[in-house]
Amino acid sequence: MRILDCQFRPGSPRPASSVPCILSRLKIPRFIFAVTGLVALALLKLTITAGGQALGARKIFPNLTDNIERPLRYRPDGADFVIENGREFFNRSLYGGNTAFRVDGGDKPEFLLYLPGRGGNLRLGIRSSTGTKWLHEAGNIVTRYRPGELLYEIRDPLLSDRGVLRIAVLAYDQTEGMIVRAESTDTSPGLELIWAYGGANGQRGARDGDIGTERVPISEYFQLQPEFCRDNTCELTPGSFTLHAKSATILGLAPAAATLALADAIHWNDLNTLLNAPAKSSPVLPVIVGRAPLRAGQPLLLSLQRIASDSLAAEELATYREVSADRAGIKRDPAKLSLPPVFNPADLPRLFEETEQHFTTLRNRVTVDTPDPFLNAAVGALNVAADAVWDAPENAIMHGAIAWRTKLLGWRGPYLLDALGWHERARAHLIYWAGRQNTDPIPDNLPPPEEGSNLARRESALHSNGDLSNSHYDMNLVYIDALFRHLRWTGDLELAKKMWPVVERHLAWERRLFRREFGPEKLPLYEAYAVIWASDDLQYSGGGTAHASAYNYWHNKMAARIAPLVGADPAPYLREAEFIARAMRELLWLPDRGMFAESKDWLGLQRVHPSAALWTFYHTMD
């Protein structure tokens with residue numbers, strides 16, 4: 001199969017933003033992976049299999065269920081990931097629209113609205129003539145993550161011998177909120193769906209509730225505690241309820257036949273008492289309890305919607321702000337958050353269908369058909385996750401969709417936009433960061449490393465003319481890489497001209513800070529100073545590395561290609577690219593292994609480190 005490249009053609013129309021130009025030429029669905037490590041793993045597996053001895057491997061040990069400590073709990077089923085009677089709560093996020101809001105669900109059917117900060121727990125249950133039960137305690141629960149949706153198939157004696165209750169949960173893409181559909185078949189007469197909601201106190205975790213970052217597991221951390229309901233006030237009206245908290249106002253729309261009441265949160269874990277305790281007009285720790293009859297073939301819809309006029313989005317956590325220093329003239333105020341008007345109960349069926357169709361379209365934006373069912377299913381999840389890291393109020397890619405949801409430049413996010421056809425988003429992201437580039441006068445001399453960073457860096461040198469992120473990383477490198485790849489995808493000559501000064505300043509900054517000359521010919525290799533996703537655990541002591549040199553080789557080559565189109569001289573960039581290529585081949589290539597070394601020391605004997613990492617394999621190939 002021939003993969004076509006989009007060349008620069010001055011004056012030619014740009015490809016339609018809905019379809020990447022490469023993908024539009026292919027008859028068979030293919031995925032141009034923005035997360036290059038996924039492809040690299042497959043390629044490395046092929047390389048090892050074909051010539052394992054060259055890499056020193058004597059035997060292949062694949063990860064199988066009988067030889068790994070923690071077997072996979074989820075199995076792929078078409079586009080879904082499935083688990084039966086899973087144990088986890090809140091380990092699967094549903095991303096709705098392009099804001100920081102999300103709904104955390106999991107193997108068990110209980111849900112947390114995250115604003116960011118706790119926006120309240122929604123717990124579901126059933127009541128029949130023979131008893132009551134929370135759904136997370138049901139006898140059998142099959143959970144499906146269909147990217148963008150959580151689907152539950154529940155069986156329990158309370159439903160009848162053949163009874164099945166199906167729950168579908170979606171986070172709205174139109175606003176901040178969620179919608180639940182419950183439908184039963186072959187269930188006992190008189191069955192009721194029960195729900196309870198409350199506990200919106202706005203509390204945020206150390207890193208917004210990411211798995212492994214809180215003091216206790218997420219399944220425990222996001223459980224409702226009665227104290228979370230303090231200072232919440234609730235209003236009940238026929239068919240709806242409103243929870244008021246300092247952090248948000250949440251409107252609930254219930255089925256037409258629903259009965260609503262207030263209960264005391266101290267009974268949250270005791271469904272019988274929660275339903276039957278004497279009613280209070282205004283509990284100190286209020287939760288809203290609802291119930292509605294479940295009849296076979298008649299689905300029930302329950303909606304929770306954040307309502308507000310224009311307000312500010314959530315502020316960054318201090319943890320996030322600390323990694324990027326403030327700089328004069330650069331504002332970091334939260335963006336405005338605008339929410340649509342309240343939904344009408346009569347519109348819930350239509351809203352559910354539209355939301356479901358939105359995520360169906362999103363997860364099928366790019367598909368693959370391979371012999372590996374895990375890979376086939378993973379691509380749909382990647383599509384949804386790629387959309388989740390785009391923030392519409394900020395008009396930029398965020399560093400993460402849960403933890404580190406902040407405008408921290410760098411790593412893999414921006415590649416996703418062009419690979420999935422969101423070229424206008426990519427353009428907006430690139431232009432935003434271009435406006436943050438340091439344009440101060442270039443210092444006459446580089447100051448020495450500072451003892452406070454163990455002689456690893458000097459902040460004033462990093463944050464000089466050409467720097468983009470004002471952080472303790474070289475996040476320039478991946479940004480410029482994403483910029484060049486965007487220009488290749490789109491052929492946007494106008495943007496190339498606009499960005500040319502940004503490119504010039506960046507390449508000069510890289511040469512000034514990270515270029516290392518070796519040997520009598522002074523061939524250049526580039527130091528990898530925190531330039532890739534693995535950087536937090538890499539130290540090269542100023543030496544030249546294969547992956548950073550490969551980046552700089554290609555960037556200089558691309559600059560030489562673009563220069564004539566923007567009226568600049570390509571010669572300096574072409575010359576630097578040629579020197580880097582020579583340096584890599586003469587100083588880092590290991591002919592006995594058929595691969596590049598990881599790095600070459602700048603100090604001492606300037607030895608080469610032959611045990612190259614996976615990133616050296618795939619970044620050099622890229």
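The following legends describe close-up views of a predicted model.

Local features were taken where pLDDT is at least 70 and side-chain atom pairs where pLDDT is 80 or more, whereas totals for chains, interfaces and linings use all residues. Residues are numbered from 1 along each chain as its sequence is written, and side-chain values use heavy atoms, with hydrogens and water left out.

View 1. Helices (H or I, at least four residues) and strands (E, at least two) are DSSP runs numbered from the N terminus. H13 covers residues 546-562, and its 17 residues reach 24 Å from the first C-alpha to the last, close to the 24 Å expected. The expected span is 1.5 Å times one less than the number of residues in the helix. Because 14 of its 17 residues are buried, H13 is largely enclosed by the rest of the structure. Thr545 caps the N-terminal end of H13, with a side-chain oxygen 3.3 Å from the backbone nitrogen of Ala548.

**View 2. Helix H9 and its buried residues.** H9 comprises residues 423-434, and its end C-alpha atoms are 16 Å apart, in agreement with the 16 Å that its 12 residues should span. The helix is mostly covered, with nine of its 12 residues buried. Among these buried residues are the histidines His423 and His429, the arginines Arg425 and Arg427, and Trp433.

**View 3. The second largest pocket.** The space in this pocket amounts to about 750 Å³. Of its 29 lining residues, Leu455, Ala456, Arg457, Glu527 and Tyr529 are the closest to the centre. Helix H10 (459-462) and helix H12 (493-514) are the elements that give two or more residues to the lining; H12 gives the most, with three. The lining is made up of 18 nonpolar, five polar and six charged residues. In this classification Ala, Val, Leu, Ile, Met, Phe, Trp, Tyr, Cys and Pro are nonpolar, Asp, Glu, Lys and Arg are charged, and the others, Gly among them, are polar. On a 1 Å grid over the protein atoms alone, a pocket is an open set of points with protein on both sides within 12 Å along at least five of seven lines, a cavity is a set where a 1.4 Å probe fits but cannot get out, and lining residues have an atom within 4 Å of a point. Grid points are joined across faces, edges and corners, and a volume is the space filled by probe spheres set on the points.

**View 4. The largest cavity.** The model has four cavities of 30 Å³ or more, and the largest has a volume of about 80 Å³. Its lining includes Tyr74, Phe81, Arg92, Asp107, Arg144 and Tyr145. Strand E8 (residues 140-146) gives the most to this lining, with three residues. By class, four lining residues are nonpolar, three polar and three charged.

View 5. Arg102 lies in strand E4 (residues 102-105) and is buried, at 2% relative accessibility. Its side chain makes a polar contact of 2.9 Å with the side chain of Asp104. Glu192, in strand E12 (residues 192-198), is buried at 15% relative accessibility. The side chains of Glu192 and Arg291 are joined by a polar contact of 3.0 Å. A polar contact is a pair of N or O atoms within 3.5 Å; within protein, one must be able to donate a hydrogen and the other to accept it, and residues adjacent in sequence count only if both atoms are side-chain atoms.

View 6. Most residues other than glycine have a negative phi, and most peptide bonds are trans. Phe90, in the loop between strand E2 (80-84) and strand E3 (92-95), has a positive phi near 60 degrees. Phe90 is buried, with a relative accessible area of 3%. Ser160 has a positive phi of about 110 degrees and is found in the loop between strand E9 (149-155) and strand E10 (164-171). The peptide bond from Leu115 to Pro116 is cis, with omega near 10 degrees; Pro116 is in the loop between strand E5 (110-114) and strand E6 (118-128).

Notes:
Buried < 20%, exposed > 50% of the residue type's maximum accessible area, 1.4 Å probe, protein only.
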